[in-house]
Amino acid sequence: MVIKGVSIQGEQQAARGQAMWADDAAVDNWAAQAPPEVVDCHRRARHRYADTGTGLQFSAITPEGWYVRRLPCDACRIRLDDDPPWPAPSTGMPRVVRVEWWDVKHHRDKITRCVLVRAAPEYLDKAYLGAPGFGRMRPRQITASVTTAEVLGVTQSVTQLRKTIRETERAAELERRNRMAALEVAQLRAVPETG
Ligand SMILES: [Zn+2]
């Protein structure tokens, strides 16, 4: 049996066979306080597990004989004091590791094929999933929280927001016209002189 990559939220609820949704205000509070790299993995609803491809991949063998591979999520590692601030990558301990159990098939002593049997996220940072009973957060909800906070960080006024957009549009239009004019001049200069 192979478990495909599943959403990283709601696993606790799924285990209890119920879905409970967090409301917008609760998500806003959570997004404002949680580390940005944690918010980002929740928002994406997917971790970024480290790429493999170098050397020995397995680190243990279970009593049942499965070969264990552990892939940390590089996106939501704990930020160290000397790490540059978000959105630069953080380099501390991983908060979440994908644990995979593999069947290493062999014929006599020769390895013939490695087959994934099972995979599950392991939360090294218990705070990652939030408090039990908090409810499941939709990625769209988290994106709305983050974007709202970013916009409010610039202005709280719709009039000001619209004015800023019009100015941006005007600047882009001016830049486009300047580019066209420069292009025309270059083309005129490129015309070979006759006579
Ligand atoms: Zn992650």
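Which residue of E2 does Ala-60 stand opposite? The structure is a predicted model, in which local features need pLDDT of at least 70 and side-chain atom pairs count only at pLDDT 80 or more, while totals for chains, interfaces and linings use all residues. Residues are numbered from 1 along each chain as its sequence is written.

Helices (H or I, at least four residues) and strands (E, at least two) are DSSP runs, numbered from the N terminus. Two strands are taken to pair if DSSP finds at least two bridges between them. Strand E1 (residues 60–61) is joined to strand E2 (residues 67–72) by two bridges, and these strands run antiparallel. Within this pair, Ala-60 stands opposite Val-68 in E2. Five residues lie between the strands in the hairpin of E1 and E2, where Gly-65 takes a positive phi near 100 degrees.

E2 is also joined to E3, by six bridges and in antiparallel fashion; here Tyr-67 stands opposite Trp-102 in E3. Strand E3 (residues 96–107) pairs in turn with E4 in the antiparallel sense, over 12 bridges. Lys-105 stands opposite Arg-113 in E4. The hairpin of E3 and E4 has two residues between the strands, and Arg-108 in this hairpin takes a positive phi near 55 degrees.

A residue is counted as buried if 20 or more other C-beta atoms lie within 10 Å of its own, exposed if 12 or fewer, and partly exposed in between, with C-beta atoms placed from the backbone. Strand E4 (residues 110–123) has 14 residues, of which zero are buried, so E4 lies largely in the open.

In helix H4 (residues 139–154), the buried residues are Gln-141, Ile-142 and Ser-145. These cover an arc (that of the directions from the helix axis to the C-beta atoms) of only 105 degrees around the axis, which puts them on the same side of H4. Arg-140, Thr-147, Glu-150, Val-151 and Val-154 are exposed on the other side of H4.

The cover over the buried residues of H4 includes helix H2 (24–33) and helix H3 (36–44), where two residues are in contact if their C-beta atoms, placed from the backbone, lie within 7 Å. H2 and H4 pack at an angle of about 60 degrees, with their axes 9 Å apart; axes are lines fitted to C-alpha atoms, for helices over the stretch in contact, and angles run from 0 to 180 degrees between N-to-C directions. Asp-24, Val-27, Asp-28, Ala-31 and Ala-32 of H2 make the contact with Gln-141, Ile-142, Ser-145, Val-146 and Ala-149 of H4.
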